[in-house]
Amino acid sequence: MLLVLFLGAGVAAARAHRRDFVLGWAVLVLAFVSPLCALSVALFSARVAHHLLLVLVAAPLLAVAFPARHGGFLAVAGAAFVVVMWGWHWPAAYAAAYGSSPTYWAMQGSLLVTAILFWRAVMAPQGHALRALMGLVAASGAMGLLGALLTLAPAPIYWPHASTTASFGLTPIEDQQLGGLLMWVPGMLPFAVAGAILARSRFRDLSGKEAA
């Protein structure tokens, strides 16, 4: 019901970018209504995939649907995104979200909102291109570092999944390593793609000015 209300309000508000909003909304439906959401209860790696859908697919689409003119708040938005991402993957915070519905939705909501704010700042048409590139590099590095730490950890650290992975042919440490790898490699790719697009756009702008 909430997703339906969100769709109606968003379509009305995102007049110039309705397609991007609908695509972002569809990704949210995929994340929360598909079997992936249920699977994330059992597997940490599925929870990571769920989070990546939120912050790297749905959030950029929604950021395009509701663009910011200026990217002056990039540093604050980027710091908030990284702190929230790392904070919810702290074992105690993760366990709290696993065992409490309000905390779970606080986790999902804060990840999505801070990611949207970050992507809005990065993609602001009047933003500073070099700062946006630096923000993408910093966020990518934070994502990759967290993924690397989880992949290389010598023991599982998320106790809610201690007895839930065997049915899927994984030990808890293997599940954690898979989740870490998802953050480490696929999780960094969208930042690289966004950086390449931004750099190409900036190069075209400079070329156009020189030609004029």
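A surface patch, in the sense used here, gathers residues that have over 30% relative accessible area and no salt bridge, and nonpolar side chains are joined into such a patch when they lie within 5 Å. In this predicted model, F73, V76, V113 and L117 make up a nonpolar patch of this kind on the surface, and together they account for about 340 Å² of accessible area. One of them, F73, sits in the loop between α4 (44-65) and α5 (74-88). F73 counts as partly exposed because its relative accessible area is 32%, a value that can be set beside the patch cut-off of over 30%.

Behind this detail stands the overall architecture. The protein contains ten helices and zero strands, so that, by the definition of these elements as DSSP runs numbered from the N terminus, the pattern read along the sequence is α-α-α-α-α-α-α-α-α-α. Of its 212 residues, 42% count as buried, while the protein exposes about 11,000 Å², of which carbon and sulfur atoms supply 73%. Among contacts between residues at least 6 apart in sequence, 75% join residues at least 24 apart.

One pair of helices can be followed more closely. Two packed helices are described by the angle between their axes and the distance between the axes. Helix α7 (residues 101-122) packs with helix α8 (residues 129-152) at an angle of about 145°, and their axes are 9 Å apart. On the side of α7, the residues F118, W119 and V122 take part, and they meet A132, G135, L136 and A139 in α8. Sorted by class, this contact of α7 with α8 comprises six nonpolar residues, one polar residue and no charged residues.

Terms used:
Residues are numbered from 1 along each chain as its sequence is written. This is a predicted model: local features need pLDDT of at least 70, side-chain atom pairs count only at pLDDT 80 or more; totals for chains, interfaces and linings use all residues. Side-chain values use heavy atoms; hydrogens and water are left out. Patches are made of residues with over 30% relative accessible area and no salt bridge: like charges are joined within 9 Å, nonpolar side chains (Val, Leu, Ile, Met, Phe, Trp, Tyr) within 5 Å. Accessible areas come from the Shrake-Rupley method with a 1.4 Å probe; for residues, only the protein chains shown count as cover. A salt bridge is a side-chain nitrogen of Lys or Arg within 4 Å of a carboxyl oxygen of Asp or Glu. Helices (H or I, at least four residues) and strands (E, at least two) are DSSP runs, numbered from the N terminus. Buried means under 20% relative accessible area, exposed over 50%, partly exposed in between (1.4 Å probe, protein chains only). Axes are lines fitted to C-alpha atoms, for helices over the stretch in contact, and angles run from 0 to 180 degrees between N-to-C directions. Contact means heavy atoms within 4.5 Å. Ala, Val, Leu, Ile, Met, Phe, Trp, Tyr, Cys and Pro count as nonpolar, Asp, Glu, Lys and Arg as charged, and the others, Gly among them, as polar.
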